[in-house]
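Trainee: I would like to learn how to read the features of a model like this one. Could we go through it one term at a time?

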Amino acid sequence: CKLIYSDGNSTEQICPAPNGWSVKITDTGSVSWYEFYNKMYILNTLEQIVNISDLGLFPNVTNGRIEWHITNKNTINGIIFRMTAQNEQNILTSRLFVLKITNDQFSYCGWAKSNAEARLLLKKTSNCRSLDATNREN
């Protein structure tokens with residue numbers, strides 16, 4: 001990843017991703033999140049997923065690992081990533097979030113605690129709901 005911004009309180013990094021995509025990681029010290037960029041859209045995971053998922057306090061990107069699902073036609077059709085947060089008892093919780101990608105559009109399929117559960121969610125596309133990603137042309 002390449003550091004693109006730092007002001008002493010927060011940082012932004014751009015990381016490579018498959019097939020012309022990119023990922024920005026923003027870290028404010030107490031909260032961090034991903035933004036996924038494809039050729040058409042930007043998806044802010046803090047706004048679109050984490051804040052509505054009841055993950056907990058101080059959500060943070062965990063270890064920066066992202067699982068990219070790529071079709072045999074070399075297009076990305078899914079993303080799985082882990083985030084952690086604290087619950088009200090100050091116990092760390094962890095979830096894998098599952099995104100389905102269809103024609104460059106993002107859908108949220110839910111969260112899981114294990115990789116196997118997350119991959120199963122990705123296969124069950126009927127449970128996914130569309131997300132409002134930002135058009136890059138705006």
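**Charge pairs, a helix and a sheet**

Mentor: Arg-119 has a relative accessibility of 37% and counts as partly exposed. Buried means under 20% relative accessible area, exposed over 50%, and partly exposed lies in between (1.4 Å probe, protein chains only). This is a predicted model: local features need pLDDT of at least 70, side-chain atom pairs count only at pLDDT 80 or more, and totals for chains, interfaces and linings use all residues. Residues are numbered from 1 along each chain as its sequence is written, and side-chain values use heavy atoms, with hydrogens and water left out.

Trainee: Which residue does Arg-119 meet in a salt bridge?

Mentor: Side chains of opposite charge can pair when their charged atoms come close. The cut-off for a salt bridge is a side-chain nitrogen of Lys or Arg within 4 Å of a carboxyl oxygen of Asp or Glu. Here the partner of Arg-119 is Glu-67, at 2.8 Å from N to O. Arg-119 sits in helix 2 (residues 115-123) and Glu-67 in strand 6 (residues 57-70), so the pair ties together parts that are 52 residues apart in sequence. Helices (H or I, at least four residues) and strands (E, at least two) are DSSP runs, numbered from the N terminus. Glu-67 is partly exposed, with 22% relative accessibility.

Trainee: How many salt bridges does the structure hold?

Mentor: Four. One of them joins Glu-35 and Lys-24, whose closest N and O atoms are 3.5 Å apart. Glu-35 belongs to strand 4 (residues 32-37) and Lys-24 to strand 3 (residues 22-27), so this pair links parts eleven residues apart in sequence. Both Glu-35 and Lys-24 are buried. Together with Glu-12, these two residues are linked in a network of salt bridges.

Trainee: Is Lys-39 buried or exposed?

Mentor: Lys-39 counts as exposed, at 68% relative accessibility. Its salt-bridge partner is Asp-104, with the closest N and O atoms 3.8 Å apart. Asp-104 is buried, at a relative accessible area of 19%.

Trainee: Back to helix 2. Which residues of helix 2 are buried?

Mentor: Ala-118, Leu-121 and Leu-122. On the face turned away from the buried side are the exposed residues Ala-116 and Lys-123.

Trainee: What do the buried residues of helix 2 pack against?

Mentor: They pack against strand 6, strand 7 (76-86), strand 8 and strand 9; contact means heavy atoms within 4.5 Å.

Trainee: In what order do the strands of the open sheet run?

Mentor: Strands of a sheet pair through backbone hydrogen bonds, either parallel or antiparallel. Two strands count as paired if DSSP finds at least two bridges between them. Here five strands form an open sheet in the order 6-7-8-9-10, with antiparallel pairing. Strand 6 and strand 10 (129-130) are the edge strands, each pairing on one side only. Helix 2 packs on this sheet, and its direction makes about 25° with that of strand 8. Axes are lines fitted to C-alpha atoms, for helices over the stretch in contact, and angles run from 0 to 180 degrees between N-to-C directions.

Trainee: Over how many bridges do strand 8 and strand 9 pair?

Mentor: Seven, in the antiparallel sense. Phe-97 stands opposite Trp-111 in strand 9, and Val-98 opposite Gly-110. The hairpin of strand 8 and strand 9 has two residues between the strands, and Asn-103 there takes a positive phi near 50°.
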